[in-house]
Amino acid sequence: MEEKQVRIQLEDAAYTYEGASSPALSGASAIVREGEFVAVLGHNGSGKSTLAKLLNALYLPSEGRVVVCGYDTSREEFVWEIRRRAGMIFQNPDNQIVATVVKEDVAFGLENLGVPAEEMYPRVESALASVRMSRYADSAPHQLSGGQKQRVAVAGILAMEPSVLIADEATAMLDPSGRRDVLETIRDLNRNKGITVVWITHFMEEAALADRILVVSDGRIVKEGIPREVFSDVEGMRALHLDVPRMTSLAADLRREGMPLREGILTVDDLVKEVERLCPLKSAI
Amino acid sequence: MLSDITMGQYFPVDSPIHRLDPRVKLILTLAFIVAVFLAHTAAGYVLLFGFIFLVSRLARIPFGMLLKGLRPLRLILILTFLLNLFFTPGETVLLHFWVITLTREALRQAAFYSLRLVFLVMGTSLLTLTTSPVSLSDALELLFSPLKKIHFPAHELAMMMTIALRFIPTLLDETDKIMKAQMARGADFESGNLVRRARSMVPLLVPLFVSAFRRAGDLAMAMESRCYHGGEGRTRFRVLRLTRADGLALAVMAALIGLIVLEGIFLT
């Protein structure tokens, strides 16, 4: 099979905040390929947000190298190329909307790139359509819910036609329905438009939906793998102060009590299927 | 309690005046101010009043709203009128009572000076009532952009104005939230004398400022990550185009000024 193109490459990257004694992130190496949905999982202060900002050239690595879409982030002349190709959504939905009208905010990135006005209109329209926000094109941002604002922010990035989307805890400040909504939108973009996604989160259930998980703890990437692998090590995750999805932890408890459940259970459906396999229901019931 | 603060005094209806290019409206307002100062005869003042009245009709703005705009100025208006009335030297005495002398010239001047103020306020209100703050900042940016050559920060000022407008409702919401949180813990914003009340504002303002600074930091980062790098090489989503109506409006204003100048020459 043909290898997919590398979108993001971290080579032993480190970053130390000004005045801090120890690095917030060190020795980080990872590769993200085209079309992947990669979750970066870590608790607060683990260095996952620092990692996100390295990917957008907002921070430059103090050691090592970060290459995004073929551009080394430390080369100043590539900064705008990198930011256009790797768009970023932030945690607070209120603090990333610039304009007073939704469609004008979506156009903000395009204005910065110097795209002519006639070309902007269709791009803004289709970006809003792909996050299902066309109806609100003329609304004021403060009239929208948190989830809707995040979708507007996503549209603002999409309009720039990026190949990578980095979401830095984009759902952390949303209510459950808004969270589901934003995650669904991004998953849809990943599947149907082939946009590579780096999803930074501390929610296990969200990370479980990714193709691959990078676990960050104390400024290091400590684990990497597909969700089933990563979460099967229940004890190891707990040692990192990270939880595993509820069903995985329930399955682990049951296994300890002697139930021969297989490894790698993530969702309610998984567990139900496994229990049914072990004790088949009589069709009479 | 905070939700009734409206943004500026923009009166959002659709009218030919609302649809005029904001740059043109800004220039027309400046021209109108000049016209007000050019008028020196009763006929001139009638013309000015007629113009204001017609424009407010066309803009579908209730005339009462323009009058309301004069309210904050009522003291200055009364003072202007009285001072001019009693301290303007004149010959034709209309009334003489104790130390007060009322002359025809003084009456005329008092009336004209206060009317001039009234017209200035009404004329500029017509601009702000029919132009949204965002288009106004657009107009300012475009009109001042030639001054960029001498390093006048036209784009930066307009961007600041837009961001301020964008965050007014957000910060108002936040103020409301903080107030309620403080009130839930027994804070009292309503009673006591002025000093007490001012002091009770401190626990409200400190968190508000802290959060405003945090928001500013976040926003700056979000703007940078969306390739914002100042006004250079930037295109605009809202394109302003001059239409025939704009030309017509300019012509009407030119005619108004012309008439005022002419009758000033021939009627005095």
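User: What makes up the count of helices and strands in chain A?
Analyst: Chain A of this predicted model has 12 helices and 10 strands. They are DSSP runs numbered from the N terminus, helices being H or I with at least four residues and strands E with at least two. Residues are numbered from 1 along each chain as its sequence is written, and chains are lettered from A in the order in which they are written. Local features need pLDDT of at least 70, side-chain atom pairs count only at pLDDT 80 or more, and totals for chains, interfaces and linings use all residues.

User: What makes a residue of chain A buried, and what percentage of the 285 residues is buried?
Analyst: A buried residue has 20 or more other C-beta atoms, placed from the backbone, within 10 Å of its own. In chain A, 47% of the 285 residues are buried.

User: Which residues have the most contacts inside the largest nonpolar core?
Analyst: They are A:Val38, A:Leu55, A:Ala155 and A:Val198, in a core of 88 residues. Such a core is a set of buried Ala, Val, Leu, Ile, Met, Phe, Trp, Tyr and Cys residues joined through C-beta atoms within 7 Å. Helix H6 (residues 146–158) of chain A gives the largest share, 6 residues.

User: Why is this core said to lie between domain 1 and domain 2 of chain A?
Analyst: Domain 1 (6–244) and domain 2 (245–285) both give residues to the core, so it lies between them. The bounds come from an automatic or database domain assignment.

Note on methods
Buried ≥ 20, exposed ≤ 12 C-beta atoms within 10 Å, placed from the backbone.
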